[in-house]
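Please look over the sequence and the model shown below, and keep both at hand while reading the paragraphs that follow.

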Amino acid sequence: MSSRNLVRSPVSCSAATNGCFTSNTCRSRNYYQHTHGTNLQSLQVDWKLLPCKLRKSTQRNTSFFTQRKLVPHCSSDLSTSCIEEVPNYLAVNVLQDQSNTTQVAARKVLVILNPNSGFRSTRDVFYKTVQSKLRLSGFMMEVIETAYAGHAKILASTVDLNKCPDGILCVGGDGIVNEVLNGLLGRDDFEVAIRLPIGIIPAGSDNSLVWTVLGIKDPVSAAIALAKGGFTPIDVFAVKWIKAGVSHFGLTASYYGFVADVVQLSENFRLQLGPFRYAAAGLLKFLSLPQYRFEVEYLPSSPGRNPELKPLTEKSHEQISDDGKVRRGIQVDGRIEDSWITRKGEFLGIFVCNHFCKPARGLLSPVIAPKAQHDDGSLDLILVHGSGRLKLFCFFIAYQLCWHLLLPYVEYVKVKQIKIRPVGNTHNGCGVDGELLRGEGKTEWQCSLLPVQGRLLGRHPYALE
């Protein structure tokens, strides 16, 4: 064979196909349709002008394209099989695709979808946008839609963990994530359940958690992060109603005062306004702003981590301030330990944050606790002292510009534990991750970190390996 004459006839599958069926054409799903012939007549190479390595490579590629191979195929829709004459390079691609598919380890997860979250578009978001991408990534999913409030908590508390060893995916907002977390921690095997990772597909009214911790704002980015794999550790805090002995767990924040009233009022507009219910409830509550009085006790973080705490030189110390006091503490290595600080008076708001709480919706995306980290082993307490619409309005404007910590009536401190007691006729409820906890009578709330950490599926795009 002359090296200059490399003409081959086009590859055709029609003969083999017509031999198998007279009326229907057999096409396997793994067969790539090849409608145009391979024309190599124009491939004329002057071998003497090519370098040695390039000449060998060209010869190898030429022989690769000109070989033929008989590959058996069977249609998945028909019981009859046929043999098609397929070009060798197409057969190799098919085998490579099949081998790559078998190499991907299947990840079994439970998907809990809240159909009423956000604008009630979670079904379209998941089934039309996310589900196919997750399947291509090797996810085996069992999808369950919630039917009522608290349904996700029941599902997480009763599911067989062996059926979803790779995690639970939540499709909705921060509320459904909170329900799943409380369901897992309410199990008898909670020590095992807390290690089950939670994935989030943001499709709710507020997705502050996944936006702040993982840097994910839309469902497609969430699907990509889940496909890449990896985990992100996150602190878990508990809010305990001391009198009743009831605990509720959270990942984002708990809040008291004005914001808790807004969360309670917003439930009346959930069906009509969706995500905009918070703005409507906030405006109504601002126009009829009550006074909030609390007694707050908190245990600061170690002085080495909190610059606001200074070492003491006496064995015991007690300091009285204008608006509170420091309980007696014992000095260890020149620093005071286990010193509870008390604040009494009027507060427009009290925020206990587990991370810096960046809202996913909004133009400026402000942060309420800029020093907070999701895995730093401490909580961030923000106290907004005072009362009145003017102070509240100034705080809201400064918050939008991230200047609220500069206000003289705003106190910011890192803490280990907090105790909050409403005084007088102050609303005795509190909000946790968008969910409202209602107290009765003289309520005392205690907020503290758990000694274990939870895990979120996915990693921040800028996280270090």
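Predicted model: local features only at pLDDT ≥ 70, side-chain atom pairs only at ≥ 80, totals over all residues.

**A walk through the model**

C402 is partly exposed, with a relative accessible area of 42%, where partly exposed covers the range between buried, under 20% relative accessible area, and exposed, over 50%, as found with a 1.4 Å probe on protein chains only. This cysteine is placed in the loop between α13 and β17 (410-422), and helices (H or I, at least four residues) and strands (E, at least two) are DSSP runs, numbered from the N terminus. Although C402 is not a glycine, its phi is positive, at about 60°. Most residues other than glycine have a negative phi. D433 also has a positive phi, of about 55°, without being a glycine; D433 lies in the loop between β18 (430-432) and β19 (435-437), and with 8% relative accessibility it counts as buried.

Residues are numbered from 1 along each chain as its sequence is written, and side-chain values use heavy atoms, with hydrogens and water left out.

How far does the predictor trust its own model? The pLDDT, which is the predictor's confidence in each residue on a scale from 0 to 100, averages 75 over the protein, and 68% of the residues score at least 70. Confidence is highest in strand β16 (residues 379-385), at a mean of 96, and lowest in strand β11 (residues 316-317), at 32. Over residues 1-50 the pLDDT is below 50, and beyond near neighbours in sequence this stretch has 60 contacts in the model, a contact meaning heavy atoms within 4.5 Å. The pLDDT also stays under 50 over residues 304-336, for which the model has 64 contacts beyond four places in sequence.

Taken as a whole, the protein has 13 helices and 20 strands, and 47% of its 465 residues count as buried. Among the contacts in the protein with a separation of 6 or more, residues 24 or more positions apart account for 73%.

The aromatic side chains come next. A pair of aromatic rings is described by the distance of the centres and the angle of the planes. Rings of Phe, Tyr and Trp (its six-membered ring) pair if their centres lie within 6.5 Å, and planes under 30 degrees apart count as stacked, over 60 as edge-to-face and the rest as tilted. The structure holds 3 aromatic pairs. One of them joins F126 and Y127 in an edge-to-face arrangement, at 5.3 Å centre to centre and with 75° between the planes; F126 is buried, with a relative accessible area of 0%, whereas Y127 is partly exposed, at 35%. Another pair, F351 with F395, is stacked, with 6.4 Å centre to centre and 20° between the planes. Because F351 lies in strand β15 (residues 341-353) and F395 in helix α13 (residues 389-400), this pair ties together parts that are 44 residues apart in sequence. Both F351 and F395 are buried.

Strand β15 also holds L348, which counts as buried at 3% relative accessibility. The C-alpha atoms of L348 and L383, 35 residues apart along the chain, are separated by 8.2 Å. Leaving aside residues up to four places away in sequence, L348 touches several residues, including G257, F258, L289, Y292 and L392.

Rings can also have a charge over them, which is counted if NZ of Lys or CZ of Arg is within 6 Å of the ring centre and within 35 degrees of the ring normal. K217 lies over the face of W211, at 4.9 Å from the ring centre, and the charged end of R455 sits over the ring of F231, 4.3 Å from its centre.

T232 is placed in strand β7 (residues 231-241) and is buried, with a relative accessible area of 9%. The side chain of T232 reaches the backbone oxygen of G458 at 2.7 Å. Not counting residues up to four places away in sequence, T232 touches residues including V213, L214, H374 and R455.

Finally, how many disulfides are there? With a disulfide taken as a pair of cysteine sulfur atoms within 2.5 Å, the count comes to 0. C430 is in no disulfide, and the nearest cysteine sulfur, that of C447, is 8.4 Å away. C430 counts as buried at 0% relative accessibility, and C164 counts as buried at 1%.

Definitions and conventions. Polar contact = N/O pair within 3.5 Å; in protein donor to acceptor, adjacent residues only side chain to side chain.
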